[in-house]
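The sequence and the structure come first.

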Amino acid sequence: MAAHRKPKQRPCTGSAARTAATLAFAGAATAAALPGAAHADPQLTPAQVKAKVDRLYHEAEVATEQYNGAKEKATATVKSLGALRDEAARRTERLNASRNALGSLAAAQYRTGGIDPAVQLALSSDPDEYLQRASYVDRIADRQATEVSKVQRQVTEIAQLRAEAKEELAALGTRQAELKKHRTTVRAKLADAQRLLDTLSPAQRAAYQQWDTARSAAGHADRSNRRAGAAQAAPNARAAEAVAFAYGALGKPYVWGATGPTSFDCSGLTQAAWRSAGVSLPRTTYTQINAGQRISRSELAPGDLVFFYSGVSHVGLYIGGGLMIHAPHPGAPVRVAPIDEMPFAGATRVA
């Protein structure tokens, strides 16, 4: 009698992998509910924990993009404030030179019979007094009038620069407060998510991680072949370069607020990918979506930016075949995933 052989099992991929992982997670939940079995929280099933953790990660990402936007504005404000202060310093040097020239005229006038009151006024260190009584300019000689007018103009310009710098300083304080608020929100959401995950038993935690990994299992199959195909299908050399960079970032950790080279958040990854191709993208998802030509889902080509959720709070880099490379959330490194795993919000072609 011939021996019967057990048929060889095929590894699960794609929807089959996601289904298997979901069943495993549900199985872990059932086991946890059995008498004597350890369970995370008497009020939350593992499936409910997973749902809450996913929601917290999404809320943290929304706050992360707000943090990124506030940080970008604060950085620009610091730069603008520095430029205003530098320009005020340069103009002050020129003002001092003009006052020195007036001093020379005054000295010559003193030697020939005294100093005109207008010249005394122009040498004053009080800009308000000078501006209030600037009508004295008409009473002095032509050369003196020219020099005094120059001083008057310079004093006015410096006062304006200092007023602008004061406004920028106030704006910087507001943006730093926004940064602190968004940073606190992100950290609180991530801490809440971690506390929920810590309530899971080892078996439940393993099931959660298996489910999370299975969400992009289809994207990891035959990676090398897809990489070559995506590079060939890219509409131009810059798009191909951006895609190549994203492939090179696979496996690097998600860190909120990071733009590389060792870690990324979602918009930090897309910004870095296109920067490697010589294209400068803005920092946040809600500004990147307007950084190029808006296209429909049916028009997608490798290198396009794909956005998710109604608030445009997540972005990935399309690589072809319904797949993208993205930085998902803390604990999940940069990876390949189907674009249908999240609510699609739009797409943009950068170049």
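The structure holds 3 aromatic pairs, where rings of Phe, Tyr and Trp (its six-membered ring) pair if their centres lie within 6.5 Å, and planes under 30 degrees apart count as stacked, over 60 as edge-to-face and the rest as tilted. The model is a predicted one, in which local features need pLDDT of at least 70 and side-chain atom pairs count only at pLDDT 80 or more, while totals for chains, interfaces and linings use all residues. Residues are numbered from 1 along each chain as its sequence is written, and side-chain values use heavy atoms, with hydrogens and water left out.

**Aromatic pairs**

A pair of aromatic rings is described by the distance of the centres and the angle of the planes. Two of the pairs are tabulated here.

| Pair | Centre to centre | Angle between planes | Class |
|---|---|---|---|
| Tyr67 and Trp256 | 5.0 Å | 75° | edge-to-face |
| Phe245 and Phe264 | 6.2 Å | 85° | edge-to-face |

Tyr67 belongs to helix H2 (residues 46-111) and Trp256 to the loop between H9 and H10, so their pair ties together parts that are 189 residues apart in sequence. Helices (H or I, at least four residues) and strands (E, at least two) are DSSP runs, numbered from the N terminus. The pair of Phe245, in helix H9, and Phe264, in the loop between H9 and H10, also links distant parts of the chain, 19 residues apart.

Tyr67 is buried at 10%, and Phe264 is buried at 0%. Phe245, at 28%, is partly exposed.

**Helices H9 and H10**

Two packed helices are described by the angle between their axes and the distance between the axes. The axes of H9 (residues 237-248) and H10 (residues 266-275) come within 7 Å and cross at roughly 130°. Axes are lines fitted to C-alpha atoms, for helices over the stretch in contact, with angles from 0 to 180 degrees between N-to-C directions.

On the H9 side, Arg238, Ala239, Ala242 and Phe245 meet Leu269, Ala272, Ala273 and Trp274 of H10, contact meaning heavy atoms within 4.5 Å. By class, this contact of H9 with H10 has 7 nonpolar, no polar and 1 charged residues. Here Ala, Val, Leu, Ile, Met, Phe, Trp, Tyr, Cys and Pro count as nonpolar, Asp, Glu, Lys and Arg as charged, and the others, Gly among them, as polar.

H10 is mostly covered, with 9 of its 10 residues buried. Thr270 lies in H10 and is buried, with a relative accessible area of 1%. Not counting residues up to four places away in sequence, Thr270 touches Leu281, Gln288, Leu305, Val315, Gly316 and Leu317.

In H9, by contrast, Ala237 is exposed at 64% relative accessibility. Its C-alpha atom is separated by 9.9 Å from that of Gly303, 66 residues apart along the chain.

**The chain as a whole**

The secondary structure comes to 11 helices and 6 strands. Of the 351 residues, 41% count as buried.

How values were computed. Buried means under 20% relative accessible area, exposed over 50%, partly exposed in between (1.4 Å probe, protein chains only).
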